[in-house]
Amino acid sequence: MNILILVSVLGVISLFAGLSESLRQHTRTIIVAGLIAITGLTMFTWNAKQFFPEMLNFDKYAAVFTTVILVISTLIFVLSKDQFNHDEIHKGDYYGIMLFTVAGAIMMVSFSNLTMLFLGIETLSVSLYTLAGSRKDLLKSSEAAFKYFLLGAFATGFLLFGIAFIYGATGTFSVSGISDYVHNTPQLPAIFYGGVILIMIGLLFKVSAAPFHFWAPDVYEGSPNIITSFMATAVKVTAFAAFYRLFSGAFVDVNEKWDNALIIAIALTLLIGNFTALAQTGLKRLLAYSGIANAGYMLLAVLALKNDASNALLYYSISYAAASLGAFAVLISVSDDEKTFEISSLKGMSKSNPLQAVLFTIIMLSMAGIPPMAGFFGKYMVLSAAIKEGYLAISLLAILTSLVGIYYYFKVIAAVYSAPDTEVQTENKANIVVFICAGISLVIGAYPDLILNLF
Amino acid sequence: MNVALLIPLLPLIGFLINGLFGKKLSKSLVGLIGSTSIFAAFICVLITFANFISGGSEVQIVKAFDWINVGDTNLAMSFQIDQLSLIMMTLVTGVGFLIHLYSIGYMHDDENYNRFFAYLNLFVFFMLLLVMGDNYVVLFTGWEGVGFCSYLLIGFWYKTPEYNNAAKKAFVMNRIGDLGFILGLFLMYSEFGSLDFTGVLSNTLGHDKGTITAITALLFIGAMGKSAQLPLFTWLPDAMAGPTPVSALIHAATMVTAGIYLIVRSHALFDLAPDTMNFIAIIGAATALIAATIAMVQNDIKKVLAYSTVSQLGLIFIALGVGAYSSGMFHLLTHAFFKALLFLGAGSVIHAMSGEQDIRNMGGLKKALPITHLTFLLGCLAIAGIPPFSGFFSKDEMLAHIFNVNPVLWGVASLTSALTAFYMFRMYFLTFSNDFRGTHEQKHHLHESPSTMTIPLIVLAILAVFGGLLGLPEFTGIHHGLSYFFGTSNDLSSLTRSFEGDFHTTELILMAVATAVAIGSSLYAKKIYFENKTLPDEPKGINKLFAGKYFLDEIYNKIIVKPALLKGTVMQNFMENKVIDPAVNMFASLSVSAGNNIKKIQTGNTGFYIFGIVAGVLLILFANYLIWFR
Amino acid sequence: MLLYLFYILSAITVGCALLTIFSKNPVYSVLFVIATFFSIAGHFILLNAQFLAIVQVIVYAGAIMVLFLTVLMYLNLNKSVESSKPLLIKIAAMVSGGLLFLVLIASFKSGLSIAPTSVRGDAGLIKNLGNTLFTEYLFPFEATAVLFLSTMAGAITLTRKK
Amino acid sequence: MDITTAVQQVPLNNYIVLSIMLFSIGVMGMLLRRNAIIAFMSIELMLNAVNLLMVAFSAFKGDSSGQVFVFFIMVVAAAEVAIGLAILAMVHRNSGSVDINHLNKLKW
C-alpha cells in the first residue's frame, strides 16, 4: 500500500519534472533512484501494518511479485535512455504514465477484492494504450495503440460480465468471501461457473493466450521498442501473477469445472505461439510470438495451482522476464523504432560485438530451455507441477512444442554467429541491462534456490 | 575442497579465460591455457583415481551445491565418483588433452583460434558434467551442453552454407533423440519420484514391467540420437564439416559415446527390460552393417572414418543389447584410442595436403609423412582387429559374448568386422602407398606436421597398440583389468557377464575365425588397392575388382565385397538420401510450413480478430456447456 | 404494473441498441445509444437505484456521448462513408451474436431459476450507497485518481500536435 | 406498496435475460461495423449490460457494493472513452480513416 502510494507519487513528480526543460534531463535518473529506493523498501517492509486489507492485501506473494515488477521496471527505465527523444516535451509524461502502469501492476498483484483487480487492470491497460501509441509520428504505433485499445476494451467487457455473474452468485467482491461461499455452498449455481469462465476469458486476453492472443503480435511489433519490452516482461508477469492470485484464492476448489477450458487455451497457445514463431523473419515479432508461447507454459502453473505452483510460476516469470528483457535490450541496442529489424540483420554480431553476442547467446539458450540456464528449470518446474496434478496430455504437448521452440531460438543464435555481409568494426560493449539479464539467467539457473526459497 | 570438484571447474575456467579475454591474448598463450586446463583436470582425475583405489573403491558422492531444494523436490549439483565415471573421466580428460595439444598446431592459422579453444574447453566441461553427475538432471545438463558445443563446433567454419546445413541436421536429429530422453526422464520421475541414480537404480524392484520398458526405450531413443544409431545416424558423417580435432574429440572419442554411457549407467533398468535389450541389439546390428557398407564406397577420408565410427558404435550397442556391458565399455575405450588416432592422423594428412580430403587424390604419402604413416598404420591394424593390437581384444570379447547369446547377431558383427578391415586398409593403401596422385603444388607442399601434432599421434598410437592389455581374455589366466575393476563395486559388478560352463575352446575358435577374416580382408584390400592400383573413381570400378585371378578372391568378391559395395552405394542412396534425410528434413520443413500456414490467421485485420475472439469465447463456453450439462 | 413498465422499457432498450448498431449514419447511432442509456436509467429507477440512474444520465448520456459527438464532428465523420462489409460477413456476425446469446442463456439457464434470497430494496439509496463507498470502498475510490491522472496525461500527450 | 415488494415485481430472470441480450447486441455491433466510433459505442453497450446486471443483482441481494462497483465501471468507462477517442483522433490524423479494417499494416 505504501509502495503503491510511493510509486504513484513518483509518477506525479515525473509529470511535473517534465514541465521544466532543465529538470527534464534528470527525470530518468530521479526515477531510477526512486525505484531502487522503493524496491529496497518493498523488501524490508512487506509485513508492515496493512491499511485496507480487505482491498489490498500486501502479503508475501504480493511483496515478492511487486519486487519483481519493480526490478524489471527499474531496468527498463535504465534502458529507456534516449528512447523518448522524438517527443522531448512529453518525456516526463511518458515516464509518468509508465509509473502509473507500475502502480496498476502493483494493484493487480496485491488485490484482495475484485474491485481492486478491475481498477488495477484498467489503470495498467489505459496507460499502456497511451504508451503503445507514443510514437505519434509512426502509423504503426497508432495502429498498435488502436488495436490494443479496441480489443482490450472488448475483453474488459467479458471480464466485467464474469465479475457481475460471480457477484450475482456470491453477493460479494471479496476474494476470501467468494472462497468462503464456495466452501459453504454444496450446490453452486450455474451462473457462478459461467462467471468463472468469463473472468478467465478476460484474463486469458490480458496474458495473451490463444485464441485471445491476436492483439499481441501486432501491438508488440507496432509499439516503440521500449514499450514492447515493458509489455513483454513486467506486464506479462503482472497479468500472470493476478491470474494465479485470483484463481488460487477464489476458484481453487472448483478447478475441475474450469480446467478443461484452460487446457483448450493452453493447447492452442502452445501450438500457435511456437509454430508461428517458427515462420517469423523479424526479431521483434519472433519475440512477440515467443511471448505467446511462454504464456502457454506459464498457464501450466495456473492449471496446476491446486498443489501450490506459485513457486514454479514465480521462477518461470523471473527466468522468462530476464531472458525476454535481455533480448529486447539487445534489440534496442541494434535497432530503432522505425524499421522492422530482421533476424538476418543480426549476422556478424559475433564479429562486431563478441561480448554482446555471447550474452545474447546465453539469453537465447535460457529462452530455449537449455540447461543449466534458468529457462530449463522454469519449464522443468511448471511441467513437473502439471504432471504431478495429472495433466499428462497437455504436458506432453508442452514438451513437444518446446522442441519446436528450440529451433527458432537457435535460428537467432545461428544468425548471430554467421559471417557478416560486410566488414565490420569490432567493439566490445553491451548495455548493463543485457549484462544483468544474462547474469540472472545464468545465476538462478545454477542456483534456483535463490528464488525458490522466497515463498 | 575435494579434488573431484576441480575436475569440471578447470575446463570451465579455461573456457572463461579464453572466451572473455582470448582476443587480447597471444595465440600461444591461448593454446597453453586451453591445453593446460585440461591437463590439470587430467592430473586431478588421476589423483581422484588414486584416492579412490586407496580408499577401498567406495562410491563417493561429491556435492558441489544444492541445486533445487523445494518441498519434495531435491536436486543437487553433485558428482558420483565410481569405477564407471572414473574410466570415462580419464578418457575424456586424457584424450581431450591430447587433442587440445594437437589443435595448437592444427588450428594455428585460424583467425578464430581463441574461440575454438574456448568452445573446446566448454565442451570438455559439459562432457565431464555428463559423466560425473550423480543424477539424471546433471547428466541431461551435460548432454544438452555437449550437443550445443558440438553444434557450435560443426558450424565453426561458418562461411560455407553447407557447414551450417550440417550443423542444422545434427541439431534436428539430436532434438528427436532428446525428445525421447526428456520423455523418459519425466516418465521416470513420475514412476520413481526421483532422478538420482541411487534413487532410481537401487529401487528397481516392484515396478510395472511395461513402464520400465517404456522408460528404457525412451532413454535408448535419446542414446540413438547422440550415438548416431539407425535411423538417426546421418548427422554424424555430415558433422565432419567441422575441424578435424573436433571430429576426433566429439564425434569419435567422447560425445558420441554418451549414449553408451547412459545405457551402461542405467543398466539396472535395462536389465529389467528384455524387449528393449533386444531392440537395442537389433538396431545396433543394423547400424553396424549398414554403416560399414556405406564406409566402403566413401572417398572422403573423414567420411570413411565417420561411417566407421557409426559402425563401431553399432557393434558396441549389440554388445550392450546382449548384456555384455563391460565388454562394450572396453571397446568404447579402445575405440576412443584408435579412432582418435585415426582422425588425428587424417587431420595430419589433410594438413599436409592443404585441405584436400579426397583419398583418390592422395597416395604415396608414406615418404613425406613418416610418423603419420606409421601411427595411422597402427591405428588401422587396431581397428581391423589384428592381434595383438587393442582392437583385437576388445572386439573379440564382444564377439564372444554376442555369440554366446545369439549366433545370428554374431554373424552380422563378424561380417561387419571383415568389412571394417577391408575399408580401413582400402583407405590406408589409397592414402599412403603407390604414387602421389594430387596436383603439383600439393606435392611440393607435402610436409610432416609439427611436433605438437605428432606427439599426440605417437601417444595415441601407443595406447592403441597396448590398450588391449586392459582386458586380456579369460583363458590367459590374467585378470581382466576392466571386469576386475567393475567387480570391485557392488552396483557395477553386474556389468560383467561371465560365460557359462567351459567356453574357452569356443572362444579360441571364434578368435581364430575373426583373426583369419580380418587378415584376409586386409590382404584382399591390399591386393586390390596396392597391387592392382584400383582407383574407386573409375566408372567400372566394381567390374575391375573381378580382375582377381584366384578362386578364393572370386568367392570373396562375389560373396562379400561386391554385395557389400553394392549395398553401400544403395544404402547411401536409399537410406540416407531417400529415407532418413528427407524424413528429418520433412519434420523441419513441415513445422516451418505449419508455421507459415498458422501465421495467416494473424491477418492484421481488427475485424477478423474480433471474430476470432468471439469464436474462442463460443468454443470455450460451448465446451463447458457440454461438460456441465451432459 | 411494474412488470409492464419493465417490458416497455426493455423493448425500448433492445430496440434502440439494435438501431445503434444498424444505423448507417454514425450520428444517428449516437442518438440511439443515448436513448438506450436513458432507458437503462429507467431500469435503474425500477430497481430503486436512483443515484446510479442520475449518474447514468449525467456521465453516459451527458459526458461520454457528448465526447463521442464532438469527436464525430471534429473528425468530420458525420456522413455515412463507411463501406459496408460483405453480406457473408454480416450473416456471420449476426449468427455469432445470436449464438453467443444462446450459449450464454444456456450456460446460465439453471441459474435463472434460483430465487433471490434476501431482497432489500433500499440498497440503492444515496445514504446506503455513500456509506459503502466512503467506508468499505474508500481505497478504490482514491485509487481511481491514479487512473484518471494517467488518462488525462495520456489523452493530452496523444492528441497534442507537435 | 413498499420498495422491496415493488422491486420484486419484476423477476431477476428478466434482468438477466435482458442483460445477456444487450451484451450480445454489443458483441454483434463489434462484429458488424467497420466504423471505429460505432465499435466504441458497441463496447459501451456491453458495459451497460454489465451495469444493468450488477444493479439488478445488487437490488435483489440488498447489498449496495454492487452499485458501488457500477459506479467504478462508469468511472473506468469514461477514462477508456477519453483515451480511445484520443487514439482515434491520432489514427485519423495519421491514416485519414477510422475504418477498423484499413489498419492492417501489422500482420503475420
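## How H14 and H16 of chain A pack

Two residues are in contact if their C-beta atoms, placed from the backbone, lie within 7 Å. By that rule, A:Ser319, A:Ala323, A:Gly326, A:Ala327 and A:Val330 of H14(A) meet A:Gln356, A:Phe360, A:Ile363, A:Ser366 and A:Met367 of H16(A). The residues of this contact divide into 6 nonpolar, 4 polar and no charged. Here Ala, Val, Leu, Ile, Met, Phe, Trp, Tyr, Cys and Pro count as nonpolar, Asp, Glu, Lys and Arg as charged, and the others, Gly among them, as polar.

This is a predicted model, in which local features need pLDDT of at least 70, side-chain atom pairs count only at pLDDT 80 or more, and totals for chains, interfaces and linings use all residues. Residues are numbered from 1 along each chain as its sequence is written, while chains are lettered from A and ligands numbered from 1 in the order in which they are written.

Two packed helices are described by the angle between their axes and the distance between the axes. For H14(A) and H16(A) (residues 354–368), the angle is about 145 degrees and the axes are 9 Å apart. Axes are lines fitted to C-alpha atoms, for helices over the stretch in contact, and angles run from 0 to 180 degrees between N-to-C directions. H14(A) passes H16(A) in a left-handed crossing (the near helix is turned anticlockwise from the far one by less than a right angle; clockwise would be right-handed). Helices (H or I, at least four residues) and strands (E, at least two) are DSSP runs, numbered from the N terminus.

## Loops with something to show

A:Ser335 is partly exposed, because 18 other C-beta atoms lie within 10 Å. On this scale a residue is buried with 20 or more other C-beta atoms within 10 Å of its own, exposed with 12 or fewer, and partly exposed in between, with C-beta atoms placed from the backbone. The C-alpha atoms of A:Ser335 and A:Glu122, 213 residues apart along the chain, are separated by 31 Å.

Most residues other than glycine have a negative phi, and most peptide bonds are trans. A:Asp82 has a positive phi of about 65 degrees; it sits in the loop between H4 (60–79) and H5 (91–110) of chain A. A:Asp82 is exposed, with 11 other C-beta atoms within 10 Å. B:Ala228 also has a positive phi, near 55 degrees, in the loop between H8 (209–226) and H9 (235–238) of chain B. B:Ala228 is buried, with 30 other C-beta atoms within 10 Å. A cis peptide bond joins A:Ala210 and A:Pro211, with omega about 0 degrees, and A:Pro211 is in the loop between H9 (190–206) and H10 (215–222) of chain A.

Chain C is divided into domain 1 (1–107) and domain 2 (120–162), with bounds from an automatic or database domain assignment. Their centres, taken over C-alpha atoms, are 24 Å apart. The contact between them takes 6 residues from domain 1 and 4 residues from domain 2.

The contact of chain C with chain A takes 20 residues from chain C and 26 residues from chain A. H5 (109–112) and H7 (138–159) of chain C each supply at least two residues of the side of chain C, and H7(C) gives the most, with 13 residues. The contact of chain D with chain C takes 67 residues from chain D and 69 residues from chain C. On the side of chain D, H4(D) gives the most, with 22 residues, and the classes there are 45 nonpolar, 16 polar and 6 charged.
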